[in-house]
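User: I am new to this structure and would like a close look at a single part. Please begin with one residue and then describe its surroundings in a connected account.

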Amino acid sequence: MKKPNGKKAGKADIGGLISIMERLRGPHGCPWDREQTLESLTPFITEEAYEVVAAIDSGSPEAVKEELGDLLFQVVFASQIAKEKGEFDMGEVIEASVEKMVRRHPHVFGDVKADTSEEVLKHWAEIKAQEKMERKEKAGHLADVPEAFPALLRAHKVSARAAKVGFDWKDIDGVLEKVSEELDEFRAALKEKDSKAIEDELGDLLFAIVNAGRFVEVNPEEALRKTIGRFINRFHYIEKELEEKGEELSSTPLREMERLWGEAKKREKK
């Protein structure tokens, strides 16, 4: 395999990937790549980020390496599109990241003292606030939590941001009381059969549960993602066991499926 410049592929650098991207977007490049815009790339960037997370969960260094490469390619792709529009290029993206990381780590690159993670996060928040002031941003305290985040992750970020300025419970008991309160209100909405109220109360219940997770330092997005993984594994176990018996899921009694579900849970613990 050779790089676009004719050199044999070996220890690569970012320049090689940029060259490939320029060729793909060039006059004689790939028709699909040439048609893309920053907006059309959005779902692919999101997808690649999640595939990196899935690779990390798999425990395979090779899978992590491959998926990180795919995600990096999306960054190079987006930067190339911006370069063609005269906005910025990949070098400026890297330069901006270097400047930001140095600026936000004064305890490493400056003379600020921070011996704990808590102190680091405190300084980080102060620096971000100062940056917003310098940009003269007057939006609310929660305005810059990206809307594109998955809902659970965004709820976690929003509630954590509010907690930092004192809008929070004193202990987990207060949070759990709120969860119970929201559950009761959800039940009441179900009895009323009011679809709008049901949606609102379910949202309030989920937000309260997110706060409970935040209080015990559990990211709800991660917790639910792992639960989904366990659900899929257990369901596949049920399918496999029934298939070996020559039985179908659709004709199997719920009680038997629940028994097999219990077996799958026991196998996980072992």
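What is the relative accessibility of Lys-178, and does the residue count as buried, partly exposed or exposed?

Analyst: Lys-178 counts as partly exposed, because its relative accessibility is 26%; buried means under 20% relative accessible area, exposed means over 50%, and partly exposed lies in between, with a 1.4 Å probe and only the protein chains considered. This is a predicted model, in which local features need pLDDT of at least 70 and side-chain atom pairs count only at pLDDT 80 or more, while totals for chains, interfaces and linings use all residues. Residues are numbered from 1 along each chain as its sequence is written, and side-chain values use heavy atoms, with hydrogens and water left out.

The side chain of Lys-178 meets that of Glu-181 in a salt bridge, with 3.2 Å from N to O. A salt bridge here is a side-chain nitrogen of Lys or Arg within 4 Å of a carboxyl oxygen of Asp or Glu. Side chains of opposite charge can pair when their charged atoms come close. Lys-178 and Glu-181 both belong to helix H9, and because they are 3 residues apart there, about one helical turn separates them. (Helices, H or I of at least four residues, and strands, E of at least two, are DSSP runs numbered from the N terminus.) Glu-181 is likewise partly exposed, at 37% relative accessibility.

By this rule, 20 salt bridges are counted in the model. One of them joins Glu-131 to Arg-104, with the closest N and O atoms 2.6 Å apart. This pair links distant parts of the chain, since Glu-131 lies in helix H7 and Arg-104 in the loop between H5 and H6, 27 residues apart. Both partners are on the inside by the accessibility rule: Glu-131 counts as buried at 6%, and Arg-104 is buried with a relative accessible area of 9%. Another salt bridge brings together the side chains of Lys-85 and Glu-87, at 3.6 Å from N to O; Glu-87 is partly exposed, with a relative accessible area of 43%. Elsewhere, salt bridges link Lys-245, Glu-256, Arg-259 and Glu-263 in a network.

Lys-193 is exposed, its relative accessible area being 72%. Glu-217 is found in the loop between H10 and helix H11, the latter covering residues 220-244, and is exposed, with a relative accessible area of 76%.

Ala-160 lies in helix H8 and is partly exposed, with a relative accessible area of 24%. The C-alpha atom of Ala-160 is separated by 10.0 Å from that of Val-210, although the two residues are 50 apart along the chain. Val-98, in helix H5, also counts as partly exposed, at 48% relative accessibility.
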